[in-house]
Amino acid sequence: MKFSIGGPLKLAFRPWVEGLENIPAEGPAILASNHLSFSDSFFLPAVLDRKVTFIAKAEYFTTPGVKGRLTAAFFKGVGQLPVDRSGARGAGEAAVKSGIDVIERGELFGIYPEGTRSPDGRLYRGKPGGLARVALATGAPVIPVAMIDTEKIQPPGKVMPKLMRPGIRIGKPLDFSRYNGMEHDRFVLRAVTDEVMYEIMKLSGQEYVDVYATAAKRQIADAAKAEKQAQKDAEQAQREAAKAAETEEGRAGGS
């Protein structure tokens, strides 16, 4: 996939990179990145010599039919692991287990602490689950990563990507060994996550929003739905007003 996708991707978009020396030549590490676009999982591995393993929802690997098989083959090819989101604790437990497995193999584990793509280009609060627990359970260094302008390449609703140069800033590794054995302390998990998000914010220059991106997406969707309903109600009111005016004109003409 590095040759079939990574090469052409770098040739076409020419992504710039800062801090590449912060990625270890060998040994495990966690790459914690902001998440602006679907393409983030392609651009970051494309500029690295080492393989990066991300996690993806299991539905990408189990959809039936030809399209489903092609999708599964694609996600396996780019190094993504299926995460079963069912069960009491769902994706959180699955992400932790997957991350620990990758780290124990001495590889790079990629994760998006926000949990989903940013709905508006801002940086949202990190979820204190997978990232912090994997870091504390394994002792692996956490390397903050900032994707720059990837959301502008293919905005929502656009089929053809825009040829432009995205950027990647890679920060210095963060050591959380001072919290060894405290991976089940929710206050420690929150502190670790917030520290990583602060470093990502400094690298990306994004505005930080202290709410979860999933909640922001719900708010945006609810606002859009309310606006659509208000517009529909206004149009209905206009039609009724026009109909009432026509009726009144008919009565006046008849008299």
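A: A polar contact is a pair of N or O atoms within 3.5 Å, where within protein one must be able to donate a hydrogen and the other to accept it, and where residues adjacent in sequence count only if both atoms are side-chain atoms. The model is predicted, so local features need pLDDT of at least 70 and side-chain atom pairs count only at pLDDT 80 or more, whereas totals for chains, interfaces and linings use all residues. Residues are numbered from 1 along each chain as its sequence is written, and side-chain values use heavy atoms, with hydrogens and water left out.

Q: What makes Asp 185 a cap of the N-terminal end of α7?
A: A side-chain oxygen of Asp 185 lies 2.9 Å from the backbone nitrogen of Phe 187, and the limit for a polar contact is 3.5 Å, so the pair qualifies.

Q: Why is Val 96 called buried, while Arg 14 and Asp 149 are called partly exposed?
A: Buried means under 20% relative accessible area, exposed means over 50%, and partly exposed is in between, with a 1.4 Å probe and protein chains only. Val 96, whose place is in helix α5, has 6% relative accessibility and therefore counts as buried. Arg 14, in the loop between α1 and β1, stands at 48% and so counts as partly exposed, as does Asp 149, in the loop between β7 and β8, because its relative accessible area is 24%. Although neither is a glycine, Arg 14 has a positive phi of about 50° and Asp 149 one of about 70°.

Q: Which residues is Val 96 in contact with?
A: Contact means heavy atoms within 4.5 Å, and, leaving aside neighbours within four places in sequence, Val 96 is in contact with Gly 129, Gly 130, Arg 133 and Val 134. Of these, Gly 130, Arg 133 and Val 134 are among the buried residues of α6, a helix described as mostly covered, with seven of its nine residues buried.

Q: What makes a set of residues a nonpolar core, and which element gives the most to the largest one?
A: A nonpolar core is a set of buried Ala, Val, Leu, Ile, Met, Phe, Trp, Tyr and Cys residues joined through side-chain atoms within 4.5 Å. The largest has 25 residues, of which Ile 30, Val 142, Phe 176 and Val 196 touch the most other members. The elements that give two or more residues to this core are β2, α5, β5, α6 and α7, and α7 gives the most, with six residues. Not counting residues up to four places away in sequence, Phe 176 touches Leu 136, Val 142, Val 192, Glu 195 and Val 196.

Note on methods: Helices (H or I, at least four residues) and strands (E, at least two) are DSSP runs, numbered from the N terminus.
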